[in-house]
Amino acid sequence: MLDITSGLPWAATGQTLCQAPRRGHAPSIRSATETDLDAITAIYAEQLQAGLGSWEATVPDRAVMAERFAAVRGAGLPWLVATDQADNILGFTHARPFRALSAYRGTVEDCIHVARTARGRGVGSCLLEALIQLCAARGYRQMIAVIGDARNTTSIALHERSGFKICGVLPGAGEKSGEPVDVVLMQRTLPHTMGGRA
Ligand SMILES: CC(C)(COP(=O)(O)OP(=O)(O)OC[C@H]1O[C@@H](n2cnc3c(N)ncnc32)[C@H](O)[C@@H]1OP(=O)(O)O)[C@@H](O)C(=O)NCCC(=O)NCCS
């Protein structure tokens, strides 16, 4: 499969975007492959069972995650993983169309999850920066984060750190465990590059 990270300066040199990790080694960022799906499914399931990062009531299995992976890659969008020196998966991120209507074709939504044991040391920031660069290089103009729970202050801080600004709060628009929860919308204009959408 074509590695869509190729062509970017940092990818060509094998460098990561994380030049100054807060603790330990900087993670490597690369395109995800189907062989990563077990680890990706496990990381996603981990935070669904005890976290604020998703709306899903049931934990998707590997087959469902494989369908999502194929849809993202089929749309020409990036799905990235962060790995340690032994190529263990520390986290993942991907973009997806914000909405299907053609008027939104320049806008993507991000999704990002880091393994519990790898949080708080810059992995999420590295992943998000790489996703921003790749989407910009493919000609997308805007990235939206839909923070599915206003209490997810870590995700809000992560996105603020990467240049997102809160552009709206939808009071009670979501529901978790039978209780209404607020949804935070964040947005970032992507840097203009010479790239264009395939
Ligand atoms: C949100 C998430 C992806 C962040 O990943 P991470 O690797 O821990 O993030 P980083 O270490 O790069 O930290 C980024 C910023 O988040 C904030 N942050 C990180 N850990 C934090 C914590 N425990 N408490 C408060 N803020 C925190 C900091 O502002 C940090 O930037 P700084 O260290 O320069 O101040 C991760 O916590 C996660 O996977 N959470 C569960 C899933 C989820 O909520 N996904 C987002 C759905 S919208």
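Good morning. I begin at one residue pair: the bridge partner of Glu175 in strand E7 is Pro180. Helices (H or I, at least four residues) and strands (E, at least two) are DSSP runs, numbered from the N terminus.

Two remarks on the basis of what follows. Residue numbers start from 1 along each chain as its sequence is written. The model is predicted: local features need pLDDT of at least 70, side-chain atom pairs count only at pLDDT 80 or more, and totals for chains, interfaces and linings use all residues.

Strands E6 and E7 (residues 179-189) pair in the antiparallel sense over eight bridges; two strands pair if DSSP finds at least two bridges between them. They belong to an open sheet of seven strands with mixed pairing, in the order E1-E2-E3-E4-E5-E7-E6. E1 (28-31) and E6 (165-176) stand at the edges with a single partner strand each, so one side of each has no neighbour in the sheet. From one strand to the next, the twist averages 25°.

Let me turn to the helices. H2 (residues 37-49) and H3 (residues 62-74) pack at an angle of about 105°, their axes 9 Å apart. Axes are lines fitted to C-alpha atoms, for helices over the stretch in contact, and angles run from 0 to 180 degrees between N-to-C directions. H2 is therefore roughly perpendicular to H3, a label covering 65 to 115 degrees. Among the residues of H2 that meet H3 are Leu37 and Tyr44; on the H3 side, they include Met65 and Phe69.

Next, the nonpolar cores, which are sets of buried Ala, Val, Leu, Ile, Met, Phe, Trp, Tyr and Cys residues joined through C-beta atoms within 7 Å. Buried means that 20 or more other C-beta atoms lie within 10 Å of a residue's own, with C-beta atoms placed from the backbone. The largest core has 33 residues, and those with the most contacts inside it are Leu80, Phe92, Leu127, Leu131 and Cys135. Helix H4 gives the most to this core, with 10 residues. A second, separate core of five residues includes Ile147, Phe164, Val184 and Met186.

Ile147 lies in strand E5 (residues 142-147). The C-alpha atoms of Ile147 and Val184 are separated by 5.0 Å, although the two residues are 37 residues apart along the chain.

Notes:
Parallel < 35°, antiparallel > 145°, perpendicular 65-115°, else oblique. Contact = placed C-beta atoms within 7 Å. Buried ≥ 20, exposed ≤ 12 C-beta atoms within 10 Å, placed from the backbone.
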